[in-house]
Amino acid sequence: MAFEFTDTNFNETAIEKGGVVLIDFWAAWCGPCRMIAPIVEELAAEYDGKALIGKVDVDQNPEVAMKYGIRSIPTLLVLKDGEVVDKHIGTASKQVLAGKLEDQLAAS
């Protein structure tokens, strides 16, 4: 299951912990967000132990969304050791997102 990032746990879990992190910025009312949600869940299961895959509900956690300048959702960020290394706006296939993760894991 995808990790639930919040304004309060984000720095500790996504930034300070390091490693590769995929973050899905979404909202419950967003149709494309609901379309990509099962893909994010599958990636969370497949990359368990290799990368942290999680979601940020932008309505519930506006601080994190503002910090990264999220204006369109879904927006997916890939972080490596706390730094944004890749960004995708809109829906994406599982293969595209897995490729972004693999690129960062291979560079470790």
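Reply: Threonine 75 lies in strand β4, which covers residues 75-80. Strands here are DSSP runs of E, at least two residues long, and helices are runs of H or I, at least four long; both are numbered from the N terminus. The model is predicted, so local features need pLDDT of at least 70 and side-chain atom pairs need 80 or more, while totals for chains, interfaces and linings use all residues. Residues are numbered from 1 along each chain as its sequence is written, and side-chain values use heavy atoms, leaving out hydrogens and water.

Is threonine 75 buried or exposed? Threonine 75 counts as buried, because its relative accessibility is 1%. Buried means under 20% relative accessible area, exposed means over 50%, and partly exposed is in between (1.4 Å probe, protein chains only).

Now its surroundings. A polar atom of the threonine 75 side chain lies 2.4 Å from the backbone oxygen of serine 72. Leaving out residues up to four places away in sequence, threonine 75 touches Ile23, Asp24, Phe25, Ile70, Lys87, His88 and Ile89. Contact means heavy atoms within 4.5 Å.

Next, the cores. The largest nonpolar core holds 18 residues. Phe5, Phe10, Ile23, Phe25, Val56 and Tyr68 have the most contacts inside it. Such a core is a set of buried Ala, Val, Leu, Ile, Met, Phe, Trp, Tyr and Cys residues, joined through side-chain atoms within 4.5 Å. At least two residues of this core come from each of α1 (10-16), β2 (20-26), α3 (62-67) and β4. The largest share, four residues, comes from β2. Another core lies apart from it, with 17 residues, including Ile39, Leu43, Leu76 and Leu97. In soluble globular proteins, nonpolar side chains tend to be buried together.

Beyond its neighbours within four places in sequence, tyrosine 68 is in contact with Phe10, Ile15, Phe25, Leu77, Leu79 and Val84.

Finally, step back to the whole chain. It has four helices and five strands. Along the sequence they follow the pattern β-α-β-α-β-α-β-β-α. The radius of gyration is 12 Å, close to the 13 Å that the globule rule gives for 108 residues, so the chain is as compact as a globular protein of that length. That radius is taken over C-alpha atoms, and the rule is 2.2 Å times the number of residues to the power 0.38. Buried residues make up 47% of the 108 residues.

Terms used. Polar contact = N/O pair within 3.5 Å; in protein donor to acceptor, adjacent residues only side chain to side chain.
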